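Let's take a walk through this one, starting with its aromatic rings. Have the viewer open as you read.

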Amino acid sequence: MQSDIEIYVKNTSSAAVEKWLQSLGWQLELFAVNRNTIKISAEANGQRFDVFAVTSGKFISVWFQTDQTPWANDLECAKQAWQYFGKEVRASQGGWQEDNKDDRWWKLDDSGETLIDWPGY
């Protein structure tokens, strides 16, 4: 299990992310950090943790700062997000690691699951 989970959803909003998390049965409290960032204090299965939704360009990053999610890794989370949103979702191939030079990412869309290069992330 990863120490945290992060995915990127294309062309969606923080309000849509909030609805997705609520659909999982999670209790949420929202805090605006700045105009591009929403901090969500979530509670699921008796665990409290933070989720950040950060809009940058065409994507919104959804970062779960816990290892207590229902997903074992970024790809599992991305699959569920793709099912919910029906929009392109990207996830790191192996989770984030400091000094990792691998720019391979999973891209989930109407074409299926594809490994792509996504320089800069």
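Predicted model: local features only at pLDDT ≥ 70, side-chain atom pairs only at ≥ 80, totals over all residues.

Residues are numbered from 1 along each chain as its sequence is written, and side-chain values use heavy atoms, with hydrogens and water left out.

There are 13 aromatic pairs here (Phe, Tyr or Trp rings, the six-membered one for Trp, with centres within 6.5 Å; planes under 30 degrees apart are stacked, over 60 edge-to-face, the rest tilted). Take Trp 26 and Phe 64: their centres sit 6.0 Å apart with the planes at 90°, so this pair is edge-to-face. Trp 26 is in the loop between helix H1 (14–23) and strand S2 (27–34), and Phe 64 is in strand S5 (residues 59–64), 38 residues apart (helices, H or I, of at least four residues and strands, E, of at least two are DSSP runs, numbered from the N terminus). Both residues are buried (under 20% relative accessible area with a 1.4 Å probe, protein chains only; exposed is over 50%, partly exposed in between).

Trp 105 and Trp 118 are edge-to-face as well, at 4.9 Å and 80°, and both are buried. Arg 90 lies over the face of Trp 118, 4.6 Å from the ring centre (the criterion is NZ of Lys or CZ of Arg within 6 Å of the centre and within 35 degrees of the ring normal).

Finally, Ser 41 lies in strand S3 (residues 37–44) and counts as buried because its relative accessibility is 11%.
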